[in-house]
Each structure stands twice: as structure tokens, then as C-alpha cells.
Amino acid sequence: MKNSKQIIPGTVFLLYLAIYIYAAVFNWEIFTTVLNIELGFAKVAMLPFLVFFILGLITIMALWFLGYKRDLNHHIRFLEKAAKVTELQKDVEIEKLKVKGTFQKPEALPIEKVDTADQKVKPDLTEVSSEKNNL
């Protein structure tokens, strides 16, 4: 289900559109009136109601985008804090186990002694090379 904050911009957009369409249907002559506006450097002929309609749409979309971005940043901060809390909870559990003494290192396996008395070990390589020469 959508959050009420997400429904409000769509509702405002639809209301804005409905009011402009309603006014345009019953006052079409006013909406199609072309006015010559002097800008100082040029004369511009335009439909003022259409210009204000477009500016209003741009304003509504900008407000919607800024609200969406704010909600997204809030959600990201919430997720980061939730991850930090779970990490800290795991650390607390490990500390509790250490304090209770249930957390122990595994015991090392005993090392078996290898009897090398019956095996011939040749410590020096020169003896090995001299034996090869004698053969």
C-alpha cells in the first residue's frame, strides 16, 4: 500500500489538471486569446493561460521530485541505521557468549610422533652424489 505522502502529489496533479480542463471547456475564448507581451527587447505573442498551465505543471513536478528525493534519503538513512543496529546486536551476543564462557576455542589435535629410526635419512647431498658415482 502506498504511503499518503506518495498519494498527495498525484492527487494535486489531477486536481490541477481537472480545474484547468474545466475552466478551459467553459471559457474557451479566454484560453485561446493571444496576447502580445513586450519583453523590452522583443514583442512576444503567446497564450498566457497555456504558459501559466505549463509553469504550474513544472512546479508540481518539481515539488513531487523534491519530496520523493527527501523520502528516498530518509529511507536510505533508516536502512543504514537498521544495519548498524543488527551489527551491534551481533557484537553484543558474541560478548555475552564470551562472558558466559560458552565461547571456547577448539582444542588442538595432539601431534603424533613419527618414528624415523628405521628410515634412512641422508643428511648430506655430497654423500648421495658419491654413491651415484660408485655405482
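Trainee: Which residues of α3 are buried?
Mentor: Pro 48, Phe 53, Gly 56, Leu 57, Ile 60 and Gly 67. Buried means under 20% relative accessible area, exposed means over 50%, and partly exposed lies in between (1.4 Å probe, protein chains only). This is a predicted model, where local features need pLDDT of at least 70, side-chain atom pairs count only at pLDDT 80 or more, and totals for chains, interfaces and linings use all residues. Residues are numbered from 1 along each chain as its sequence is written, and side-chain values use heavy atoms, with hydrogens and water left out.

Trainee: How many residues of the protein count as buried, in percent?
Mentor: 8% of the 135 residues.

Trainee: How do β1 and β2 run?
Mentor: Antiparallel, with 4 bridges joining β1 (residues 35-38) to β2 (residues 43-46). Strands pair if DSSP finds at least two bridges between them. Glu 38 has Lys 43 in β2 as its bridge partner. The hairpin has 4 residues between the strands, and Gly 40 takes a positive phi near 100° there.

Trainee: New topic. Which residues make the nonpolar surface patch?
Mentor: Leu 63, Trp 64, Phe 65, Leu 66, Tyr 68, Leu 72 and Ile 76, over about 720 Å². Patch residues have over 30% relative accessible area and no salt bridge; like charges are joined within 9 Å, nonpolar side chains (Val, Leu, Ile, Met, Phe, Trp, Tyr) within 5 Å. Areas come from the Shrake-Rupley method with a 1.4 Å probe; for residues, only the protein chains shown count as cover.

Trainee: Where is Trp 64?
Mentor: In helix α3. Trp 64 counts as partly exposed because its relative accessibility is 40%.

Trainee: How many salt bridges does a search of the whole structure find?
Mentor: 1. Asp 71 and Arg 70 meet in a salt bridge at 3.6 Å, N to O. The cut-off puts a side-chain nitrogen of Lys or Arg within 4 Å of a carboxyl oxygen of Asp or Glu.

Trainee: Which element has the lowest mean pLDDT?
Mentor: Helix α4 (residues 125-134), at 56, while α3 has the highest, 89. pLDDT is the predictor's confidence in each residue, from 0 to 100. Where pLDDT is low, the predicted coordinates should not be read in detail.

Methods:
Helix = DSSP H or I, 4+ residues; strand = E, 2+ residues; numbered from the N terminus.
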